[in-house]
Amino acid sequence: MADSKTILSDGWILEPLTYACDADRVLSLALRASDYIQLETGALPDAEWVKAEFASTPPALGPKGLLHLGISRPNGHLGGIVFVARGYETAQEWYLGLVMLDPADRGKGLGRNALDAIVQMATDAGATSLKVAALKDNPKGRKFWEREGFSLVRQVPPKPGGDGHMRHVMQRIIKGNAT
């Protein structure tokens, strides 16, 4: 799937994104979904924020481990993004680094449908689990992940000089691949 599209329900498409082709679409979505970005960073997103998100790579992973996915309508409307680090924190884990939905598209099953497709992709790639770090200050986000089978693994306190947020690292074991 990394180079192809997956059809989701209600006409949505899960598709790969690139900075070169999709930066403007991602910025438009980020501005519509700025409630989350402002919660995390305290600022409105801009072109530099988009560039940094596309370039953000976990330690020792490298850009080839990144998968940038858009949740789009056939007309190109971007309703969400999911940025994945494959092989982080262990070789068998996929880490959902940024998951953001347009407020107009939240609560309609779009996140669940995209997650189902990503779980299938991870399963096909031999991953044994998915992880996500939910902000403590985002209880709706944490509840979504809990409903989707994620459980708390650890709490990560704010880093000195960081954004000031406690993160709840949550994990979902992928059935069939776990040992």
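This is a predicted model: local features need pLDDT of at least 70, side-chain atom pairs count only at pLDDT 80 or more; totals for chains, interfaces and linings use all residues.
Residues are numbered from 1 along each chain as its sequence is written, and side-chain values use heavy atoms, with hydrogens and water left out.

Let me begin with Ala23, which sits in helix α1, residues 19–32; helices here (H or I, at least four residues) and strands (E, at least two) are DSSP runs, numbered from the N terminus. With a relative accessible area of 15%, Ala23 is buried, where buried means under 20% relative accessible area, exposed over 50%, and partly exposed in between, using a 1.4 Å probe and protein chains only. If we leave aside neighbours within four places in sequence, Ala23 is in contact with Thr18 and Val50, contact meaning heavy atoms within 4.5 Å.

Moving on to helix α2, residues 34–41, which of its residues are buried? They are Ser34, Tyr36, Ile37 and Glu40, and because they cover an arc of only 155 degrees around the axis, they lie on the same side of α2; that arc is taken from the directions from the helix axis to the C-beta atoms. The cover over these buried residues includes α1, α3 (47–55), β5 (93–101), β6 (129–135) and β8 (167–173). Just after α2 comes Gly42, with a positive phi of about 80 degrees.

Asp102 belongs to the loop between β5 and α4 (110–124), and at 5% relative accessibility this aspartate counts as buried. Not counting residues up to four places away in sequence, Asp102 touches Leu29, Arg32, His77 and Gly79.

Finally, the cores. A nonpolar core is a set of buried Ala, Val, Leu, Ile, Met, Phe, Trp, Tyr and Cys residues joined through side-chain atoms within 4.5 Å. The largest one has 28 residues, and those with the most contacts inside it include Leu14, Trp94 and Trp145. The elements giving two or more residues to this core are β3 (66–72), β4 (78–86), β5, α4, β6 and α5 (139–147), and the largest share, eight residues, comes from α4. Apart from this core lies another, of 18 residues, among them Ala30, Ala33, Leu78 and Leu98.
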